[in-house]
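Good morning, and thank you for making time for this presentation. Please look at the sequence and the structure as I bring them up, and keep both in view while I speak.

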Amino acid sequence: MALLQISEPGQSRAPHAVRRAAGIDLGTTNSLIAITRGGRCETLADSDGEHLLPSVVRYTTAEVQVGAQAYAASVEDPFNTVVSVKRLMGRSLEDIRHQGNQLRYRFSAQPGTTPRIVTAAGEVTAIEVSAEILKSLAQRARAKLGGELDGVVITVPAYFDDAQRQATKDAARLAGLNVLRLLNEPTAAAVAYGLDQREQGVYVIYDLGGGTFDVSILRFSRGVFEVLATAGDTALGGDDIDGLLAEWIVANAALGSDIDDRLQRRLLRAGKRVKELLSTNNIVGLDIARPDGTAWQGKLRRREFERLIDPLIDRTLVPCQRVLRDAGLDPSQIAEVVMVGGSTRIPRVRERIGGFFGRPPHVDIDPDRVVAIGAAIQADILVGNKRDDDMLLLDVLPLSLGIETMGGLMEKVILRNTPIPAARSQEFTTFKDGQTAMAIHVLQGERELVQDNRSLARFELHGIPPMVAGAARIQVTFQVDADGLLGVSAREQTRGVESSVIVKPSYGLSDGEIERMLRDSMAHASEDVGARKLREVQVEAARSIEAVTAAYQQGGRQLLSSQEQHELQSALSRLEALYNSVDVDAITRAMDQLERTAASLAERRMDVAINAALSGHRVDEFSGQ
Amino acid sequence: MTITLTENAAQRVKSFLSTRGRGVGLRLGVRTSGCSGMAYVLEVCDEIAADDVVFEQHDVKVITDPKSLLYLDGTEVDFTREGLNEGFKFNNPNVKDSCGCGESFSV
């Protein structure tokens with residue numbers, strides 16, 4: 001029989017109580033929700049039988065519309081209809097301006113705050129818009145599962161930085177959802193194919209969606225998915241193929257150049273249909289009504305279609321090459337290729353990508369749904385419906401985290417590639433006698449010197465009891481939650497004073513930056529070691545000077561002859577003159593010299609202290625008993 | 001009519017109660033649910049009700065209600081380790097049938 005645990009009064013869990021969990025693929029173009037029931041995963045449809053929910057929200061004075069209805073209105077009511085909100089998540093107005101053509105909305109400009117889109121229903125943030133999409137999806141799951149959801153897993157692109165992840169979590173909270181975990185989209189796809197059930201392997205996830213292209217290389221080993229490299233094109237997808245086909249129709253039907261918006265939309269829809277049909281047919285006929293009332297009939301063969309789209313596929317191969325190079329791999333080292341995104345239904349895409357990586361890609365699971373399904377599998381495990389032995393997926397930290405120590409050095413507390421969630425503590429101490437406060441500077445990176453790493457946060461710990469240097473014990477704890485969010489706390493051990501900081505936005509780095517930081521750390525490795533040695537010696541020398549000066553002032557004068565005093569003074573000033581130099585050996589020698597000279601002073605101070613402690617006592621008071 | 005605790009189980013209950021800081025003993029019971037009809041209740045007891053039945057072994061009080069006792073009479077509660085899991089196990093002579101996972105049973 002099963003082993004039972006003691007519960008709190010009245011809280012025994014009913015056997016076989018299944019918790020309600022769902023996986024959500026919150027996409028740029030379309031979003032989906034999936035659940036696991038009876039060991040099977042399924043995506044959920046709306047009342048019209050549509051599984052894909054267009055990620056479009058329209059705000060009118062009367063109501064908020066989500067999905068197809070909003071999508072249909074996006075052309076006639078562009079300012080109140082928010083599309084591709086994912087591109088705005090966790091972004092400042094400056095970031096959005098940098099993206100170029102994205103400024104289709106009216107933003108209320110307040111520099112330094114979250115951008116707000118001005119709509120008929122008032123100002124909304126990207127988080128609020130995303131929350132509407134999530135609410136609409138969660139409603140499907142609630143209806144299907146018959147109750148409130150206990151938790152959801154939401155997928156995000158692997159390259160999402162901390163601000164974007166935090167914004168996604170905020171959106172879920174606003175939608176009243178409990179986020180069990182944010183999961184990287186490529187990882188979710190790998191999970192859907194069960195690649196996490198294998199021992200280990202390196203996988204390529206090729207994700208060609210409606211408007212974006214991403215390719216990632218994942219390494220799986222010992223229960224951890226590590227993102228080795230990601231690349232992509234944020235303006236490349238199935239929509240571009242529709243556009244190419246629309247152009248082809250314009251050229252072949254001799255439609256001329258005066259094409260209004262309505263005709264253009266009609267052509268795009270026709271292009272989309274032709275594209276979809278050509279995935280299963282070799283030839284597709286077209287019937288287009290010209291504006292002048294005449295009609296044009298034509299046909300497109302698959303071979304010609306493939307010639308049209310080959311340049312687009314070529315554009316996806318550039319990032320594929322880049323991820324391989326970044327990960328330092330060649331195609332023969334790739335164990336599996338997984339296809340994600342509706343555009344990977346096109347046989348030519350499968351063929352070209354299979355050819356590029358030298359193996360047929362995985363295509364069995366509907367590429368539109370595979371990410372949501374992987375998320376649902378994870379959600380089911382995380383919510384507690386599976387036995388403990390089902391593995392939990394872990395991600396790893398991309399860069400080490402640590403704090404600044406004396407001499408401008410970075411002391412790493414959590415090393416890069418540590419699986420998260422992770423918590424590590426390390427003890428630090430005071431540098432000066434009577435020091436009552438400590439500044440804690442949180443850093444990210446692989447280099448030895450503070451200036452070469454990225455500064456994440458600073459905070460101070462006050463109320464350390466005055467003690468001699470090195471006696472205080474300050475425990476600094478780093479905690480990274482499963483979504484990669486960092487919290488740092490410092491606690492003085494004797495009195496228990498505590499201070500902490502949660503590291504929020506600006507923590508995130510783009511993949512390019514991470515890569516640059518890693519490369520730098522390799523390139524500067526030996527230089528860094530030298531720099532660290534020098535700083536350490538300098539700090540040590542400063543500590544010696546401090547300690548000897550203090551000892552000398554507290555009675556050294558009485559204990560030393562004038563000759564000895566003179567020697568000590570000159571050793572001190574020699575070290576003082578040297579310790580800011582860059583000559584490690586010279587500093588070390590001067591420091592040794594000072595310590596030898598000061599040794600007799602230390603001995604005599606010790607004698608005096610012992611005498612003081614013993615005077616007035618008889619010897620037998622100290623013997624044995 | 002009796003319910004017994006093995007020494008192992010008693011030790012575990014004691015340490016659980018002392019970590020928790022309060023509680024008079026261990027409440028056992030059954031309730032109807034699960035796929036085979038009944039499921040065990042295993043909880044800390046903060047208050048002994050008037051009609052409760054109390055057994056005491058190895059300095060640990062085991063509390064149950066008279067109705068549950070009918071299904072639990074003769075049961076020995078053990079604390080064991082199976083693989084990576086450890087937990088309480090009910091050796092109940094009244095059980096005729098239990099579901100695959102053993103979380104519920106019938107008598």
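Predicted model: local features only at pLDDT ≥ 70, side-chain atom pairs only at ≥ 80, totals over all residues.

Against which elements do the buried residues of helix 4 of chain A pack? The scores for the model are an ipTM of 0.81 and a pTM of 0.60.

The answer is a set of four elements of chain A: strand 1 (21–26), helix 3 (126–145), strand 11 (151–156) and strand 12 (179–184). The residues of helix 4 that are buried include A:D162, A:Q164, A:R165 and A:Q166. Further along the helix, A:A167, A:T168, A:D170, A:A171 and A:A172 are buried as well. Helix 4 covers residues 162–174, and at 1.5 Å a residue its 13 residues should span 18 Å. The end C-alpha atoms are 18 Å apart, which agrees with that expectation. After helix 4 comes A:G176, with a positive phi near 75 degrees.

Let me turn to helix 10 of chain A, residues 370–382. Its 13 residues should likewise span 18 Å at 1.5 Å a residue, and the distance between its end C-alpha atoms, 18 Å, agrees. How many of the residues of helix 10 are buried? The count is 13 of the 13, so this helix is largely enclosed by the rest of the structure. Following helix 10 is A:G384, where phi is positive, near 100 degrees.

The largest has 95 residues, and A:A22, A:L134, A:V152 and A:A375 have the most contacts inside it. Helix 10 of chain A gives the most to this core, contributing ten residues. A second, separate core has 22 residues, among them A:L397, A:I403, A:M410 and A:L461. As for A:A375, leaving aside residues up to four places away in sequence, its contacts include A:G23, A:I24, A:D25 and A:A34. A:A375 also touches A:V153, A:I154, A:T155, A:L183 and A:A188.

Next, the strands of chain A. Strand 2 (residues 30–37) and strand 3 (residues 40–43) run antiparallel and are joined by four bridges. Within this pair, A:I35 has A:E42 as its bridge partner. The two strands form a hairpin with two residues between them, and A:G38 takes a positive phi near 55 degrees there.

A second hairpin is made by strand 20 and strand 21 of chain A, with three residues between the strands. In its turn, A:G407 has a positive phi of about 90 degrees. Strand 20 (residues 401–405) and strand 21 (residues 409–414) pair in the antiparallel sense over five bridges, and A:T405 is partnered by A:L409. Strand 20 also runs antiparallel to strand 24 (residues 437–444), to which three bridges join it. In that pairing A:L401 stands opposite A:Q444. Is strand 20 largely enclosed or left open? Four of its five residues are buried, so strand 20 is largely enclosed by the rest of the structure.

There is also an open sheet of three strands in chain A, in the order 8-9-10, with antiparallel pairing. Strand 8 (107–108) and strand 10 (122–125) stand at the edges with a single partner strand each, so one side of each has no neighbour in the sheet. Two bridges join strand 8 to strand 9 (residues 116–119), and A:F107 stands opposite A:I117.

One exposed position deserves a word. A:D261 lies in helix 7 (residues 261–277) of chain A. Why does A:D261 count as exposed? The reason is that A:D261 has 9 C-beta neighbours inside 10 Å, where a residue counts as exposed at 12 or fewer. The C-alpha atom of A:D261 is 8.9 Å from that of A:V75, although the two residues are 186 apart along the chain.

Finally, chain B. Chain B has two helices and nine strands, and along the sequence they follow the pattern β-α-β-β-β-β-α-β-β-β-β. Of its 107 residues, 32% count as buried. Among contacts in chain B between residues at least 6 apart in sequence, 55% join residues at least 24 apart. The average pLDDT of chain B is 82, and 81% of the residues score at least 70. Which elements of chain B have the lowest and the highest mean pLDDT? Strand 9 (residues 104–106) has the lowest, at 67, and strand 5 (residues 60–64) the highest, at 92.

Thank you for your attention.

Note on methods: Residues numbered from 1 in each chain as written. Chains lettered and ligands numbered in written order. Expected span 1.5 Å × (residues − 1). Buried ≥ 20, exposed ≤ 12 C-beta atoms within 10 Å, placed from the backbone. Pairing = 2+ DSSP bridges. pLDDT = per-residue confidence, 0-100. Contact = placed C-beta atoms within 7 Å. Core = buried A, V, L, I, M, F, W, Y, C linked by C-beta atoms within 7 Å.
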